[in-house]
Amino acid sequence: MASPAFQITVLGSGTSVGVPTIGCHCEVCTSKDPRDNRLRPSILVSYEGRNILIDTTPDFRAQALRARIDHLDAVIFTHSHADHIMGLDDVRPFNFRQQSRIPIYAAPDTMEAIQRCFPYIFDGIKRESNVPQLDTRLIDGSPFELFGLQFLPVPILHGKATIYGFRFGAAAYLTDHSEIPPASKEMLRDLDVLFLDALRYKPHPTHSTVDHSIATAAELQPRRTFFTHICHDLGHERAESLLPPGVRLAYDGLELRVE
Ligand SMILES: [Zn+2]
Ligand SMILES: [Zn+2]
Ligand SMILES: [Zn+2]
C-alpha cells in the first residue's frame, strides 16, 4: 500500500517543564529567539484532510490554537508521563465541533494510567457537564492503519521503561528515550525524517543527549534528523550551528512535508 504524502507540524519541542522554565532567568529562558520558546513535546500528522495528534501535552490548548487545528481524527500516545497526557481534557471542543467520538491509541499500561488520571472521562457516569468523548484502542506492537497511513509502534527504552515511538511512511517520531534496541533500529531504515529525543549535553538516566542522538542519526542515516524534547541548556542558534549536516533542532511551529 502506498502511503499518502503528509505534513508534520511540531506543536512542541520542549522538555517536560517547557522552555522558558518557571523561575529560570538563564540566557535561553530569556532569549528573544522564538525558537527558544518550547512547549511540551508533541507533533501533528496531517494528510488528506485528517489530523492525527501524537500526545496531548499540558500545553495542548495553546498548541491547537497556535496551529489553528480545527478538527482531530485520532490521538496516539507514546507513554503516560504527565508532559505527554495532561492536556487530554482539552480535546472536548473537537467533540462538540465534530459531533463524534475520537479514538485514542495507547499501549495497555499507558491507557491504564490515562484512565487513572482522568477517571471521569471513562467511568460511563452521565454528568451535567461535558467530558471528552473518546474510544480507547489498545496498541500491542503491531502496525495499525489510520485513514490510509500505517503507524508502526517502535519500542524504545525510556530509562527502565519501554515506551513507543512511531514510524509512519518515511518518518519516525521517537520522543523520550535513552536507548533504541537493535530490533527497533531495524524498523528505522530508509527514513526521510527522524525525530529524536536530545534533552541536553549532560547525561540523563531516561533521556538521550545531543551526542548520543548524533550517533543514532549517523547510524540510521535518515535524510533529515530533528532533535526534540529539548531543555534550556540548548540555545537554538548556537546548538544548531554545532550539529552535523542533516541534523537540526526542531522548534515549535516547524512544518515538514514528507512524500
Ligand atoms: Zn517527556
Ligand atoms: Zn533557563
Ligand atoms: Zn517521559
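A pocket is taken here as an open set of grid points with protein on both sides within 12 Å along at least five of seven lines, and its lining residues are those with an atom within 4 Å of a point. In this predicted model, the second largest pocket is lined in that sense by Arg 61, Ala 64, Leu 65, Ile 69, Asp 70, Asp 90, Pro 93, Phe 94 and Arg 97. Helix H1 (60-66) and helix H3 (92-98) are the elements that give two or more residues to this lining, which by class holds five nonpolar, no polar and four charged residues. The space in the second largest pocket comes to about 200 Å³.

The largest pocket, for its part, has a volume of about 260 Å³. Its lining consists of 16 residues, and those that lie nearest the centre are Ile 121, Ile 125, Val 131, Pro 132 and Gln 133. Helix H5 (residues 119-122) supplies three residues, the largest share of this lining, while the lining of the largest pocket as a whole divides into seven nonpolar, four polar and five charged residues.

Elsewhere in the model, seven strands form an open sheet of mixed pairing, in the order E7-E8-E9-E10-E11-E12-E13. Strand E7 (144-146) and strand E13 (247-249) are the edge strands, each of them pairing on one side only, and neighbouring strands of the sheet are turned against each other by 30° on average when direction is ignored. Within this sheet, strand E8 (residues 149-158) and strand E9 (residues 161-168) are joined in the antiparallel sense by eight bridges, and the bridge partner of Ile 156 in E9 is Ile 163.

Strand E11 (193-197) has parallel pairing with two strands of the sheet, through four bridges with strand E10 (residues 171-174) and through five bridges with E12. Leu 174 stands opposite Leu 196 in E11, and Phe 195 stands opposite Phe 226 in E12.

In a regular strand, side chains alternate between the two faces of the sheet. Both faces of E11 are covered, with Val 193, Phe 195 and Asp 197 buried on one side and Leu 194 and Leu 196 buried on the other. Because five of the five residues of E11 are buried, this strand is largely enclosed by the rest of the structure. Helix H7 (residues 210-220) lies across E11, strand E12 (224-228) and E13, and runs at about 155° to E11.

Methods
Residues numbered from 1 in each chain as written. Chains lettered and ligands numbered in written order. Predicted model: local features only at pLDDT ≥ 70, side-chain atom pairs only at ≥ 80, totals over all residues. Heavy atoms only, no water. 1 Å grid on protein atoms, 1.4 Å probe; cavity = no way out; pocket = protein on both sides within 12 Å on 5 of 7 lines; lining within 4 Å. Points joined across faces, edges and corners; volume = space filled by probe spheres on them. Nonpolar A, V, L, I, M, F, W, Y, C, P; charged D, E, K, R; others polar. Pairing = 2+ DSSP bridges. Axes fitted to C-alpha atoms, helices over the stretch in contact; angles between N-to-C directions. Contact = heavy atoms within 4.5 Å. Buried < 20%, exposed > 50% of the residue type's maximum accessible area, 1.4 Å probe, protein only.
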